[in-house]
Amino acid sequence: MIKKIIFTLSFFMVIAVSGQKKSDEQAVTDAAEKLRLAMISGEKSELESLILPELTYGHSGGHIDDATEFVDKLVSKKSDFLTIDITNQNIQIVGNTAIVRHHFNATTADLGKTPGDVTLDILLVWTKVKKDWKLLARQAVKSEKKK
(Lines give C-alpha, C1' and ligand atoms only; values in the text may rest on other atoms or scores of the structure.)
Protein backbone atom coordinates (compact mmCIF):
# COMPACT_ATOMS: atom_id res chain seq x y z
CA MET A 1 0.00 0.00 0.00
CA ILE A 2 2.80 2.45 0.88
CA LYS A 3 4.50 1.69 -2.46
CA LYS A 4 1.29 2.63 -4.28
CA ILE A 5 1.02 5.90 -2.35
CA ILE A 6 4.67 6.77 -3.03
CA PHE A 7 4.25 5.89 -6.72
CA THR A 8 1.09 7.98 -6.99
CA LEU A 9 2.68 10.99 -5.28
CA SER A 10 5.77 10.69 -7.48
CA PHE A 11 3.60 10.50 -10.59
CA PHE A 12 1.72 13.67 -9.67
CA MET A 13 4.97 15.50 -8.84
CA VAL A 14 6.37 14.64 -12.28
CA ILE A 15 3.19 15.91 -13.94
CA ALA A 16 3.26 19.10 -11.85
CA VAL A 17 6.93 19.80 -12.68
CA SER A 18 6.36 19.05 -16.37
CA GLY A 19 3.33 21.36 -16.42
CA GLN A 20 5.27 24.15 -14.72
CA LYS A 21 8.10 23.82 -17.24
CA LYS A 22 5.64 24.11 -20.15
CA SER A 23 4.04 27.13 -18.50
CA ASP A 24 7.45 28.76 -17.98
CA GLU A 25 8.45 28.01 -21.56
CA GLN A 26 5.31 29.76 -22.84
CA ALA A 27 5.93 32.71 -20.50
CA VAL A 28 9.50 33.06 -21.83
CA THR A 29 8.21 32.82 -25.40
CA ASP A 30 5.75 35.60 -24.60
CA ALA A 31 8.45 37.75 -22.96
CA ALA A 32 10.75 37.31 -25.98
CA GLU A 33 7.91 38.38 -28.28
CA LYS A 34 7.21 41.45 -26.12
CA LEU A 35 10.91 42.32 -26.32
CA ARG A 36 10.85 41.97 -30.12
CA LEU A 37 7.88 44.32 -30.37
CA ALA A 38 9.35 46.80 -27.86
CA MET A 39 12.62 46.92 -29.82
CA ILE A 40 10.64 47.89 -32.92
CA SER A 41 8.44 50.46 -31.15
CA GLY A 42 11.19 51.96 -29.00
CA GLU A 43 8.63 52.37 -26.19
CA LYS A 44 10.73 53.18 -23.12
CA SER A 45 8.36 51.90 -20.43
CA GLU A 46 7.81 48.62 -22.26
CA LEU A 47 11.55 48.09 -22.76
CA GLU A 48 12.29 48.85 -19.11
CA SER A 49 9.55 46.48 -17.94
CA LEU A 50 11.25 43.56 -19.71
CA ILE A 51 14.84 43.96 -18.52
CA LEU A 52 16.81 43.91 -15.30
CA PRO A 53 18.94 46.91 -14.27
CA GLU A 54 21.96 44.57 -14.45
CA LEU A 55 21.37 43.84 -18.17
CA THR A 56 24.46 43.24 -20.28
CA TYR A 57 23.62 43.51 -23.99
CA GLY A 58 26.36 42.36 -26.36
CA HIS A 59 26.40 43.41 -30.00
CA SER A 60 27.90 41.30 -32.78
CA GLY A 61 30.58 43.94 -33.33
CA GLY A 62 31.82 43.63 -29.77
CA HIS A 63 30.24 46.66 -28.09
CA ILE A 64 28.42 45.94 -24.84
CA ASP A 65 25.52 48.09 -23.63
CA ASP A 66 24.26 48.30 -20.08
CA ALA A 67 20.52 48.56 -19.41
CA THR A 68 20.43 52.36 -19.72
CA GLU A 69 22.36 52.45 -22.98
CA PHE A 70 20.25 49.64 -24.46
CA VAL A 71 17.01 51.50 -23.75
CA ASP A 72 18.33 54.94 -24.72
CA LYS A 73 19.57 53.75 -28.13
CA LEU A 74 16.16 52.31 -29.02
CA VAL A 75 14.15 55.25 -27.66
CA SER A 76 16.34 57.84 -29.44
CA LYS A 77 16.29 55.78 -32.68
CA LYS A 78 20.09 55.59 -32.66
CA SER A 79 19.21 51.90 -33.06
CA ASP A 80 16.01 51.80 -35.08
CA PHE A 81 14.49 48.47 -36.05
CA LEU A 82 11.78 48.70 -38.70
CA THR A 83 11.26 44.94 -38.69
CA ILE A 84 12.54 42.03 -36.63
CA ASP A 85 11.84 38.44 -37.60
CA ILE A 86 12.75 35.64 -35.23
CA THR A 87 13.17 32.05 -36.44
CA ASN A 88 14.50 28.75 -35.09
CA GLN A 89 13.88 29.73 -31.49
CA ASN A 90 14.94 27.22 -28.86
CA ILE A 91 14.21 27.63 -25.15
CA GLN A 92 15.81 25.71 -22.30
CA ILE A 93 14.58 26.28 -18.74
CA VAL A 94 17.03 25.60 -15.92
CA GLY A 95 15.46 26.47 -12.56
CA ASN A 96 14.69 30.20 -12.64
CA THR A 97 16.86 30.79 -15.71
CA ALA A 98 15.87 30.50 -19.35
CA ILE A 99 18.38 30.19 -22.17
CA VAL A 100 16.93 31.30 -25.49
CA ARG A 101 18.65 30.99 -28.84
CA HIS A 102 17.22 32.20 -32.12
CA HIS A 103 18.01 33.49 -35.58
CA PHE A 104 17.39 37.25 -35.93
CA ASN A 105 16.64 39.00 -39.23
CA ALA A 106 15.98 42.73 -39.09
CA THR A 107 15.64 45.82 -41.25
CA THR A 108 17.21 48.90 -39.68
CA ALA A 109 17.04 52.65 -40.16
CA ASP A 110 19.53 53.76 -37.50
CA LEU A 111 19.75 57.51 -36.96
CA GLY A 112 22.36 58.99 -39.30
CA LYS A 113 23.04 55.73 -41.16
CA THR A 114 21.94 54.15 -44.40
CA PRO A 115 19.07 51.67 -43.93
CA GLY A 116 20.26 48.12 -43.78
CA ASP A 117 19.56 44.49 -43.07
CA VAL A 118 20.91 42.54 -40.12
CA THR A 119 21.19 38.76 -39.84
CA LEU A 120 22.40 37.45 -36.49
CA ASP A 121 22.26 34.52 -34.14
CA ILE A 122 21.19 35.58 -30.65
CA LEU A 123 21.60 34.17 -27.16
CA LEU A 124 19.26 35.59 -24.51
CA VAL A 125 19.39 34.81 -20.79
CA TRP A 126 16.15 35.43 -18.93
CA THR A 127 15.64 35.10 -15.18
CA LYS A 128 12.39 34.66 -13.33
CA VAL A 129 11.64 37.48 -10.89
CA LYS A 130 8.53 36.64 -8.89
CA LYS A 131 6.18 35.58 -11.71
CA ASP A 132 7.79 37.58 -14.53
CA TRP A 133 10.69 36.75 -16.82
CA LYS A 134 13.27 39.55 -17.17
CA LEU A 135 16.15 39.82 -19.62
CA LEU A 136 19.52 39.61 -17.87
CA ALA A 137 21.89 39.10 -20.80
CA ARG A 138 21.98 39.10 -24.58
CA GLN A 139 24.78 38.27 -26.99
CA ALA A 140 24.64 38.53 -30.77
CA VAL A 141 27.00 36.86 -33.20
CA LYS A 142 27.16 37.12 -36.96
CA SER A 143 25.35 34.22 -38.56
CA GLU A 144 27.22 31.61 -40.47
CA LYS A 145 26.23 31.46 -44.12
CA LYS A 146 23.56 28.81 -44.55
CA LYS A 147 23.43 26.74 -47.74
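Modeller: Let us begin with Phe70, whose relative accessible area of 2% makes it buried. Buried means under 20% relative accessible area, exposed over 50%, and partly exposed in between, with a 1.4 Å probe and protein chains only. The model is predicted, so to speak of a local feature we need pLDDT of at least 70, and side-chain atom pairs count only at pLDDT 80 or more, while totals for chains, interfaces and linings use all residues. Numbering starts from 1 along each chain as its sequence is written, and side-chain values use heavy atoms, without hydrogens and water.

Biologist: Thanks! What share of the 147 residues counts as buried?

Modeller: In this protein, 33% of them do. The secondary structure consists of 3 helices and 6 strands, in the order α-α-β-β-α-β-β-β-β from the N terminus. Helices (H or I, at least four residues) and strands (E, at least two) are DSSP runs, numbered from the N terminus.

Biologist: Back to Phe70, then. How do I read a pair of aromatic rings?

Modeller: You describe such a pair by the distance of the centres and the angle of the planes. Rings of Phe, Tyr and Trp (its six-membered ring) pair if their centres lie within 6.5 Å; planes under 30 degrees apart are stacked, over 60 edge-to-face, and the rest tilted. A search of the whole structure gives 2 aromatic pairs. In one of them, Tyr57 and Phe70 are tilted, at 4.5 Å centre to centre with 35° between the planes. Tyr57 belongs to strand E1 (residues 51–58) and Phe70 to helix H3, so the pair ties together parts that are 13 residues apart in sequence. Tyr57 is buried too, at 4% relative accessibility.

Biologist: And why is the pair of Phe81 and Phe104 edge-to-face?

Modeller: Because the planes stand at 85°, with the ring centres 5.7 Å apart. Phe81 sits in strand E3 and Phe104 in strand E4, 23 residues apart, so this pair links distant parts of the chain. Phe81 is buried at 11% relative accessible area, and Phe104 at 3%.

Biologist: How does one find empty space?

Modeller: Roll a probe the size of a water molecule over the atoms, and you see where it is left. On a 1 Å grid over the protein atoms alone, a cavity is a set of points where a 1.4 Å probe fits but cannot get out, and a pocket is an open set with protein on both sides within 12 Å along at least five of seven lines; lining residues have an atom within 4 Å of a point. The largest pocket holds about 490 Å³, and among its 24 lining residues, those closest to its centre are His59, Ser79, Phe81, Asp110 and Lys113. Helix H3 (67–76), strand E4 (97–108), strand E5 (116–129) and strand E6 (132–142) each give two or more residues to this lining.

Biologist: Which element gives the most to the lining of the second largest pocket?

Modeller: That is H1, with 4 residues. The volume of this pocket is about 180 Å³, and its lining includes Ala27, Asp30, Lys34 and Trp133.

Terms used. Grid points are joined across faces, edges and corners, and a volume is the space filled by probe spheres set on the points.
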